[in-house]
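Subject: Structure handover

Hello,

Here is the structure we talked about passing on. Notes on what was found in it follow below.

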Amino acid sequence: MLLYILKRVLSAISVVIVTLVASFALFFFAPTDPAGVICGPRCTPERIADIEQSLGLNQPKAEQVLLYMKGIVAGREFSSGGVTQHCAAPCLGYSYTLGQPVTKLIGAALPVTISIVIGGAVVYLLVGILAGTIAAQVRGTSADRFVVGTTLVVQAIPYFVFALMIALYATFLPASGYTSFFENPFLWASGLLAAWLTIGVTNAAAYTRYSRASMIEALGQDFVRTATSKGISRRRVVYRHGLRAGLTPVVTIFGIDLAFQLTGAIFTESIFGLPGIGLLALRAFNQYDLPVLMGGVLIGSVVLVVMNLVVDIAYTALDPRVRLG
Amino acid sequence: MTATTTAKSGVRSVPGAPLLELDAVKMHFKTKGEGLLARRTQWVQAVDGVDLTVQPGETLGLVGESGCGKSTTARLITRLLEPTGGQIRYQGVDIAHMSDRQLRPYRREIQLIFQDPYSSLNPRHTVGTIVGTALRTHEMVAKSGELKRVQELLELVGLNPEHYNRYPHEFSGGQRQRIGIARALAARPKIIVADEPVSALDVSIQAQVMNLLEELRKELGIAFVFIAHDLGVVRHFCDRIAVMYLGRVVEEGPRDSLYEKPQHPYTQALLSAVPDIGVVRGTPPKNRIRLVGDVPSPVDPPSGCRFRTRCWKAQDICATEDPALIERAPAQQVACHFAEPPAESILAETA
Amino acid sequence: MSENTHEDAYLEVTDLQVQFPTADGLVRAVQGLSYSVPLGRTLAIVGESGSGKSVSSMAVLGLHDRKVARISGSIKVGGREIVGMSEKELEGFRGGGAAMIFQDPQSSLHPYFTVGDQIMESYRAHTKVSKRAAKERAIDMLNRVGIPNPKRRVDQYPHEFSGGMRQRAMIAMALVNDPKLLIADEPTTALDVTVQAQILDLIADLQRDFGSAVVFITHDLGVVAEIADDILVMYAGTAVEHGPVKKILAEPLHPYAWGLLESIPALTGDPQPLHPIPGTPPSLLALPSGCPFHPRCEFKDRVPNNHCTTLRPDLIPRTGDLGRTSRCHLKDPDQVFELEVLPRLP
């Protein structure tokens with residue numbers, strides 16, 4: 001088991017390195033003019049040169065890559081307008097437009113996004129798996145048809161429309177906003193509630209259907225018949241024997257889904273005004289803030305890899321055959 | 001290189017050579033644990049040095065338990081798999097490593113019948129299309145004569161020729177197996193490899209299909225490699241029988257001597273284990289041989305004789321020396337250091 | 001059915017009907033099935049797919065979904081009526097007084113739980129004991145069914161067991177509560193022949209020790225000959241012949257049983273051509289009139305007045321032969337067998 005996790009961690013690290021190299025290639029060689037953006041409309045050539053000097057933009061591209069790498073490992077200095085800023089390791093560069101180290105910006109935005117994504121996942125996994133399991137048990141009845149019909153209606157509504165509806169009409173919900181969990185857990189939860197509900201309800205429809213299909217298959221398995229023949233209660237047969245097997249495919253889908261959830265966070269954050277990674281990246285994109293964009297991509301890939309790792313480990317915990325295979 | 005002649009079909013042959021010869025054929029599958037660091041490559045020795053010969057019109061039975069390599073052997077003969085060692089000679093010409101293009105004329109003459117009549121027929125094609133495709137692939141008849149030939153084939157396997165436009169799901173299991181047989185016959189093969197062709201069928205249907213195969217063999221003179229785990233079925237159909245264990249042939253011989261005087265301990269144990277209706281209808285055998293344990297893993301087979309871990313006769317020599325397949329009785333070859341016929345009859349004597 | 005088997009019968013099935021209403025019509029899977037099994041005896045139920053042998057046996061444990069199956073008639077186990085029992089009562093009954101072994105041990109054991117866990121669950125469902133005591137019991141049972149090193153094996157998962165070992169574990173699980181009735185549904189069909197022999201020996205040994213009643217479902221007459229005391233031959237949802245194995249396999253009285261014997265190739269002697277039963281079993285949606293076997297029966301012309309096609313024969317006791325019944329209109333089946341069928345048996 002430990003060896004398996006170690007192997008998975010190593011392969012996860014290699015994925016992050018590949019993403020890093022790819023984002024370098026994309027952004028360092030992009031035809032942009034960061035110094036011009038920082039300098040603003042009233043700009044002198046001297047000032048541009050000064051900015052390029054301070055950010056190392058006048059160096060050859062290869063040199064810049066090395067500088068960036070060095071920043072991640074050992075930190076680096078930025079001097080702008082005579083003021084020297086130290087950016088401690090792991091340094092992901094310096095925001096041209098916000099005048100802050102990228103690490104600091106991401107450090108502030110990341111907990112917001114993670115709170116949104118994980119909180120939303122808890123809602124749709126709980127609702128979806130429970131509704132799916134119940135529907136699978138009453139398959140073919142009117143209750144089952146009602147559940148399936150509801151999921152179809154919910155799935156037909158585009159995500160952003162649903163989010164807007166919640167934002168505009170669900171006024172009874174507490175106002176959206178982000179407070180750190182460690183500062184005030186109650187405010188943290190109430191500020192994110194609208195976002196969680198939006199993500200939760202829209203995705204719960206899909207998860208209800210996955211779980212229902214998966215449970216119908218699981219409940220038809222021979223080992224479920226064996227469990228019934230042992231004389232244990234129906235509840236135990238369904239929730240211990242059936243659900244355990246039925247969950248595995250759902251967990252697999254969840255692992256793939258998380259990538260889309262992160263992208264979806266851009267919508268959620270914009271609509272509910274939550275200062276997460278999505279919003280940060282969107283602003284950086286509009287303002288050609290390359291270091292922030294690159295940092296965002298990098299952190300996004302790290303989060304994704306970590307979440308997939310967690311899902312894979314959950315998978316091995318569910319299915320002992322994977323552990324030894 | 002021996003002189004070969006080439007038939008019109010493109011099949012080359014060495015005059016006087018047997019129809020099919022397997023010579024030290026090996027099939028080792030690579031398995032690897034998944035993940036970045038799992039570099040521990042293992043080899044599953046599914047088939048490990050098998051020699052077999054089939055003459056024209058002859059039926060050779062292959063028996064053995066799961067994992068003995070009998071199905072892999074079927075896939076090697078039909079070249080669905082490329083062996084990792086040895087030669088597969090068809091009429092004297094080695095087809096073991098031929099390319100798909102080179103194999104085409106041979107594929108026509110070597111046909112395969114599968115075990116599962118449900119999954120081996122495309123559910124979206126009519127029976128006429130299934131059999132007709134086989135005709136077209138091998139360019140057996142002109143387009144105009146195709147339907148007539150399909151109907152002839154359906155009639156030959158005992159199906160209503162008017163049913164050519166029906167779909168597989170409209171037929172019962174036994175009828176589907178007949179469709180599979182018609183498809184194999186479409187190519188006018190010289191040899192059919194039948195991999196458990198009746199084991200998915202009910203007893204009464206199984207007997208119907210067995211009789212059909214028997215008639216076709218007599219009528220058309222097709223040679224068979226007949227693979228089954230049911231020793232009664234194999235005995236009924238085959239002239240010669242080879243017993244396989246863990247990727248090797250342990251005993252091979254004519255039907256009667258193999259069933260009446262088996263010399264390899266594994267053959268004896270296998271025959272002794274068959275639940276036999278004769279125990280009620282005749283005199284039950286005095287001694288029943290019961291093997292203990294399971295077949296070892298083909299990834300790491302025992303040294304020397306592969307059967308020694310479950311053999312009651314095993315001595316030190318069995319662990320060190322691999323017994324060769326040698327003739328112990330007329331036409332009966334046994335791979336055992338202590339081969340001998342059983343003292344008493346293994347099977348029940350029918351009154 | 002003779003009086004003496006009737007009295008000490010542990011399992012008694014009377015006029016059992018199992019029907020499945022479907023979109024295509026009513027599937028009559030079991031029709032008027034009656035049999036009984038006393039303690040200490042093994043009854044083999046033989047038949048081909050669709051004969052109703054598995055469906056009827058699952059009904060004994062109340063395993064059919066009420067929403068799907070219509071069951072009537074009577075199933076008495078140790079005097080208790082199973083048909084119409086509430087789900088709660090069934091839970092107490094299943095796995096305790098009566099247990100079941102299934103065909104494929106690979107799919108019948110849960111892949112995510114250890115073998116020990118699954119045995120313990122069965123034990124603790126019926127006996128109030130600590131986890132530790134249940135585990136002791138599981139190890140004990142694994143030992144009893146011949147699994148070497150049970151202390152280590154108890155914590156392993158089914159995929160770490162071989163096919164034969166899995167079926168042994170399955171048997172250990174079924175017997176953990178000392179059931180008085182064991183139903184084995186094709187327990188050796190998925191196994192290799194040498195392993196099958198081991199499992200058949202094991203079941204026979206355990207039955208001797210536990211003294212339970214065993215219902216053994218199989219399609220293999222060879223297996224019947226090895227393991228059973230009595231045999232019940234089923235065709236199209238009903239019993240066509242019933243009686244002691246030795247008598248029925250030596251001298252069957254029903255044309256379907258003859259057809260089965262003529263379909264099995266022999267292991268000795270000169271191979272004779274087989275005489276298979278023509279045609280296929282009838283659809284359970286539209287059973288033939290009269291005797292359900294008549295469309296495939298070569299002897300139906302021997303019975304006058306078209307009785308075979310119009311009248312459903314009763315399961316009648318054979319005169320002068322205690323405990324034997326058969327469902328056929330033929331007047332002199334023993335002579336037909338002797339003179340016409342026996343000479344052409346393989």
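The C-alpha centres of domain 1 and domain 2 of chain B are 28 Å apart. In the domain assignment (bounds come from an automatic or database assignment), domain 1 of chain B is 17-30 + 44-118 + 125-238 and domain 2 of chain B is 253-351. Their contact takes 9 residues from domain 1 of chain B and 10 residues from domain 2 of chain B; two residues are in contact if their C-beta atoms, placed from the backbone, lie within 7 Å. On the domain 1 side, strand S4 (41-54) and helix H7 (231-237) of chain B each supply at least two residues, and the largest share, 4 residues, comes from S4(B). Helices (H or I, at least four residues) and strands (E, at least two) are DSSP runs, numbered from the N terminus.

This is a predicted model, in which local features need pLDDT of at least 70, side-chain atom pairs count only at pLDDT 80 or more, and totals for chains, interfaces and linings use all residues. Residues are numbered from 1 along each chain as its sequence is written, with chains lettered from A and ligands numbered from 1 in the order in which they are written.

The model scores ipTM 0.88 and pTM 0.86. Chain C averages a pLDDT (the predictor's confidence in each residue, from 0 to 100) of 91, and 98% of its residues score at least 70. Over residues 1-6 of chain C the pLDDT is below 50. Where pLDDT is low, the predicted coordinates should not be read in detail.

Chain A has 13 helices and 2 strands, and its C-alpha trace spans about 85 × 50 × 35 Å along the principal axes.

Regards
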